[in-house]
Amino acid sequence: MCKLFVELLPLFIATFLSNYLANIPKYAIDAVGTSEMQTIFNVIFMPSFVINLFLVFFIRPLLTKLAVLWVSCDFKSFLSIIGKLMLVVVGISVVVLAGAYLLGIPILQLIFGVNLEGYLPALLIVLVGGGLLSAANVLYNGIVIMRRQRLVLIAYGIAVLVGVLIAQPLVVSLGILGASIAYAISCGALLLTYVALFVWSMADVRKSSIRR
């Protein structure tokens, strides 16, 4: 039980950091913005989870298969599925962005009764952030399957640090658009860190396999 707790602790902390990362722009608006800005940002932020929601339908059924491929050292097939999932994220992101560009603002205004005129760029940037976060989640699952879950703390730690450093200055200078940019940059930092950690982990495992 103690060993299981130690193994799962990084994932628990990563879940907390993930939620914190998503809320950093909101905390920045609380600190230097207005309640009206917070309301508008909350409305345009909600669709950012759509991409990840669709991704779940693709990735959940494949987790067991990915684990089996990893344990059997079928790295080529493992990477092939990871690559296909990344393409799925790109495809879903393009569709969601196109839909948001055409109908996003009118639909959100209709549902929430909030005037969102002029906030289309902020909405699209938030959705880009959602796409980057979904791509990061693909690599997150890959790294966890590799049993290197401690590395996810590095990725989230860097992303949270970036978000904390840039969110308030961007909100002060650009308002809601700045909050959206801060979110997208934070998610981009998370993805880039995951890419580096994933590539490093694959190279390390392959070296270990060759030595054996």
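A residue counts as buried when its relative accessible area is under 20%, as exposed when it is over 50%, and as partly exposed in between (1.4 Å probe, protein chains only). Cys187 has 0% relative accessibility, so this residue is buried. Cys73, at a relative accessible area of 47%, is partly exposed. A search of the whole structure finds zero disulfides, a disulfide being a pair of cysteine sulfur atoms within 2.5 Å.

A word on the model comes next. This is a predicted model, in which local features need pLDDT of at least 70 and side-chain atom pairs count only at pLDDT 80 or more, while totals for chains, interfaces and linings use all residues. Residues are numbered from 1 along each chain as its sequence is written, and side-chain values use heavy atoms, with hydrogens and water left out.

Now to the aromatic rings. Rings of Phe, Tyr and Trp (its six-membered ring) pair if their centres lie within 6.5 Å; planes under 30 degrees apart count as stacked, over 60 as edge-to-face and the rest as tilted.

| Pair | Centre to centre | Angle of planes | Type |
|---|---|---|---|
| Phe78 and Phe198 | 6.4 Å | 10° | stacked |
| Tyr140 and Tyr194 | 6.4 Å | 75° | edge-to-face |

Tyr140 belongs to helix H6 (residues 120-145) and Tyr194 to H8, so their pair ties together parts 54 residues apart in sequence. Phe78 and Phe198 are buried, and Tyr140 and Tyr194 are buried as well. Elsewhere, Phe41, Phe45, Phe49 and Tyr183 form one aromatic cluster.

Phe78 and Tyr194 turn up again in the largest nonpolar core. Such a core is a set of buried Ala, Val, Leu, Ile, Met, Phe, Trp, Tyr and Cys residues joined through side-chain atoms within 4.5 Å. Among its 68 residues, Phe78, Leu190 and Tyr194 touch the most other members. H6 gives the largest share of this core, 13 residues.

Finally, follow H5 along its length. H5 has a kink of about 65° at Leu103, shortly before the proline Pro106; the bend is the angle between axes fitted to the seven residues ending at a residue and the seven starting there. Just after H5, Gly113 takes a positive phi of about 65°.

Terms used. Helix = DSSP H or I, 4+ residues; strand = E, 2+ residues; numbered from the N terminus.
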